[in-house]
Amino acid sequence: MMQQISESELILMKIIWKCGGTALFSLITEELEREQSEWKNNTVLTLLSRLVGKKYLKTRKIGRRNEYIAAITEQEYQSEQTYAFVDRVYEGNVKNLVTALLQQDSLTESEWNELEAFWKQTLKERTEK
């Protein structure tokens, strides 16, 4: 299991994922400015350094500049976090998580239909194996 990352670190990871998994420091700061962030360069560098230390990012030197490369995809991160959440909050019981989500009545009819189609397709694929 990977180490937890902070909300601030996640913001940087989302920028890098949005850029196809690699980004120069200048591109990251441009995106932060576009999102109205007031972070100083030193703050961004510190957060990026932490992400490298936690093995979420790798760096590659391009001249005097660093290119930051995601070591994990956004989907891998989401999957890892979902498993950790289910384990921590629901003691690994996925059914209880799904039940809680369904009981909140927060799904639209369209989302219900999508889920039903997904479950049927998944079930079909599993029985064909």
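How many bridges pair strand β2 with β3, and in which sense? Strand β2 (residues 57–62) and β3 pair over 6 bridges, in the antiparallel sense. Two strands count as paired if DSSP finds at least two bridges between them. Strands (E, at least two residues) and helices (H or I, at least four) are DSSP runs, numbered from the N terminus.

This is a predicted model, in which local features need pLDDT of at least 70, side-chain atom pairs count only at pLDDT 80 or more, and totals for chains, interfaces and linings use all residues. Residues are numbered from 1 along each chain as its sequence is written, and side-chain values use heavy atoms, with hydrogens and water left out.

Start with the sheet. Leu-57 has Ala-70 in β3 as its bridge partner. The hairpin of these two strands has 2 residues between them. There, Gly-63 takes a positive phi near 65°.

Strand β1 (residues 22–24) runs antiparallel to β3 (residues 65–70), and 3 bridges join them. Ala-23 stands opposite Tyr-68 in β3. Together, 3 strands form an open antiparallel sheet in the order β1-β3-β2. The edge strands, β1 and β2, each pair on one side only. On average, neighbouring strands of this sheet are turned by 25° against each other, direction ignored.

Next come the helices. Angles here run from 0 to 180 degrees between N-to-C directions, and axes are lines fitted to C-alpha atoms, for helices over the stretch in contact. Helix α2 (residues 25–34) packs on the sheet and touches β1 and β3. The direction of α2 makes about 90° with that of β1. Helix α3 (residues 41–53) lies across β2 and β3, at about 115° to β2.

How do two helices meet? Helix α1 (residues 7–18) packs with α3 at an angle of about 85°, and their axes are 10 Å apart. That makes α1 roughly perpendicular to α3, a label for angles of 65 to 115 degrees; under 35 counts as roughly parallel, over 145 as roughly antiparallel, and the rest as oblique. Ser-8, Glu-9, Leu-12, Met-13 and Ile-16 in α1 meet residues of α3, including Val-44, Leu-47 and Leu-51. Contact means heavy atoms within 4.5 Å.

Look inside the fold. The largest nonpolar core has 20 residues. Such a core is a set of buried Ala, Val, Leu, Ile, Met, Phe, Trp, Tyr and Cys residues joined through side-chain atoms within 4.5 Å. Leu-12, Met-13, Ile-28 and Leu-48 have the most contacts inside this core. Helices α1, α2 and α3 each supply at least two of its residues. α1 gives the most, with 6 residues.

Beyond its neighbours within four places in sequence, Leu-12 is in contact with several residues, among them Ile-28, Leu-32, Trp-39 and Leu-51. Leu-51 lies in helix α3. Is Leu-51 buried or exposed? Leu-51 counts as buried because its relative accessibility is 0%; buried means under 20% relative accessible area, exposed over 50%, and partly exposed in between (1.4 Å probe, protein chains only). With neighbours within four places in sequence left aside, contacts of Leu-51 include Ile-5, Met-13, Tyr-56 and Leu-57.
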